[in-house]
Amino acid sequence: MLERLALWVIVKGRRAMWRFLFSVFLVVACATGAAAGSFEDGLSAYERGDYVQAMNHWQPLAAQGDAAAQFNLGLMYRHGQGVPQDFREALKWYRKAAEQGHVWAQFNLGVMYRHGQGAPQNAQEAVKWYRKAAEQGSAWAQNNLGMMYEVGQGVPQDYQEALKWYRKAAEQGDMPAQLNLGVLYDKGRGIPQDVQEALKWYRMAAEQGDPSAQFNLSVLYDKGRGGPQDYQEALKWYRKAADQGYVRAQYNLGVMYRHGQGVQQDYQEALKWYRRSAEQGHAWAQNNLGVMYEMGQGVPQDFVLAHMWYSIGAKASSGDERKTSLENRNHVAAQMTASQIGKAHEMARHCQDTRFKECE
């Protein structure tokens with residue numbers, strides 16, 4: 001049978017790449033006297049969950065042109081707090097605040113145009129408002145503007161501009177921008193490849209807890225890119241990402257325990273991490289679980305469970321990966337009775353139907 005080894009892939013982590021709607025109120029009222037008191041009263045009402053009362057305090061201020069109140073109304077309409085959710089109303093109030101230079105309103109307006117919320121999707125408008133917020137120093141907007149340049153949405157693709165905006169955000173400590181900057185250097189996209197720079201930015205994001213950066217940093221140590229191969233460091237960062245549920249890190253951690261890389265060989269730990277990855281749908285982890293059951297590594301030898309995991313892995317994969325799982329299944333099936341094969345197929349169906357809650 002064939003075991004799939006580690007999945008050495010540098011990933012961007014789309015989850016972390018985009019900043020989404022900002023959900024913290026600007027606490028400073030722009031007016032004085034009674035108006036300032038009304039703003040603060042609205043803030044107090046909001047903080048105790050009385051959204052209707054907060055709306056009653058902020059609505060008059062917003063109508064009078066108070067940008068902070070306008071932003072807050074936009075936020076409440078966006079999230080349906082005290083009012084029915086209404087993206088068009090949210091967009092209207094964000095625009096009023098944004099046109100007065102309110103940086104978070106500008107950012108949120110960009111997000112809504114980017115995703116077609118309250119108006120038809122419009123990448124050019126998204127870029128326009130991201131740029132306004134970015135030029136005021138918003139790291140979130142700088143990161144998103146960098147992404148628009150990197151993928152060529154609303155602007156011609158321009159890696160140099162992407163690099164510029166990612167760097168501005170990254171230097172402010174923005175975690176997604178640090179990750180994205182690391183990927184540009186790692187892949188050499190529009191710039192000379194520089195693994196040392198990639199490692200530097202991955203580490204900054206990893207130390208802030210980003211699992212994609214932790215995984216990418218692990219891969220560099222694991223493969224000896226940017227410095228000597230260091231399994232101990234690789235293991236450390238894989239574990240941090242794996243503990244956050246990062247499926248590729250869980251798989252690679254299983255591989256390292258399976259082969260004793262940077263740690264004493266431990267089939268039980270390998271099984272644990274393969275299983276966690278497999279239960280998230282990772283086809284190579286599913287195949288490798290099959291291998292361990294077939295060979296009796298860390299578990300009693302069990303051809304039925306091996307066949308089950310091979311079947312699940314084959315269904316979840318394609319190409320050479322699927323071919324490997326099918327070859328492995330055929331190999332173990334040759335040592336099984338028809339009744340055992342039937343049971344394995346039924347177990348595979350039940351495992352998937354229960355979303356991996358009842359597999360063994």
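**Exercise 1.** Is Trp104 buried, partly exposed or exposed?

*Solution.* The model is a predicted one, and in it Trp104 has a relative accessible area of 21%. Since buried means under 20% and exposed means over 50%, Trp104 is partly exposed. Trp140, at 22% relative accessibility, likewise counts as partly exposed.

**Exercise 2.** Classify the ring pair that Trp104 and Trp140 form, and place its two members in the chain.

*Solution.* A pair of aromatic rings is described by the distance of the centres and the angle of the planes. For Trp104 and Trp140 the centres lie 5.5 Å apart and the planes stand at 75 degrees. Because an angle over 60 degrees counts as edge-to-face, the pair of Trp104 and Trp140 is edge-to-face. Trp104 belongs to helix α6 (residues 103-115) and Trp140 to helix α8 (residues 139-151), so that the pair, with its members 36 residues apart, links distant parts of the chain.

**Exercise 3.** How many aromatic pairs does the structure hold, and which geometry does the pair of Tyr46 and Tyr51 have?

*Solution.* The structure holds 13 aromatic pairs. In one of them, Tyr46 and Tyr51 lie 4.9 Å apart, centre to centre, with 45 degrees between the planes, and the pair is tilted. Tyr46 is buried, at a relative accessible area of 15%, whereas Tyr51, at 28%, counts as partly exposed. Ring pairs also join Tyr46 and Tyr51 with Phe39 and Trp58 in a cluster.

**Exercise 4.** Which charged residues lie over the rings of Trp165 and Trp273?

*Solution.* Over the face of Trp165 lies Lys168, at 5.8 Å from the ring centre. Over the ring of Trp273 sits the charged end of Arg276, 4.6 Å from its centre.

**Exercise 5.** Describe how helix α7 (residues 123-135) and α8 cross.

*Solution.* The two axes come within 8 Å and cross at roughly 140 degrees. That angle makes α7 oblique to α8, given that only angles over 145 degrees count as roughly antiparallel. The crossing in which α7 passes α8 is left-handed. Among the residues that make the contact are Ala126, Val127 and Tyr130 of α7, together with Leu145, Met148 and Tyr149 of α8.

Key. Residues are numbered from 1 along each chain as its sequence is written. This is a predicted model: local features need pLDDT of at least 70, side-chain atom pairs count only at pLDDT 80 or more; totals for chains, interfaces and linings use all residues. Side-chain values use heavy atoms; hydrogens and water are left out. Rings of Phe, Tyr and Trp (its six-membered ring) pair if their centres lie within 6.5 Å; planes under 30 degrees apart count as stacked, over 60 as edge-to-face and the rest as tilted. Buried means under 20% relative accessible area, exposed over 50%, partly exposed in between (1.4 Å probe, protein chains only). Helices (H or I, at least four residues) and strands (E, at least two) are DSSP runs, numbered from the N terminus. A charge sits over a ring if NZ of Lys or CZ of Arg is within 6 Å of the ring centre and within 35 degrees of the ring normal. Axes are lines fitted to C-alpha atoms, for helices over the stretch in contact, and angles run from 0 to 180 degrees between N-to-C directions. Angles under 35 degrees count as roughly parallel, over 145 as roughly antiparallel, 65 to 115 as roughly perpendicular and the rest as oblique. A crossing is left-handed if the near helix is turned anticlockwise from the far one by less than a right angle, and right-handed if clockwise. Contact means heavy atoms within 4.5 Å.
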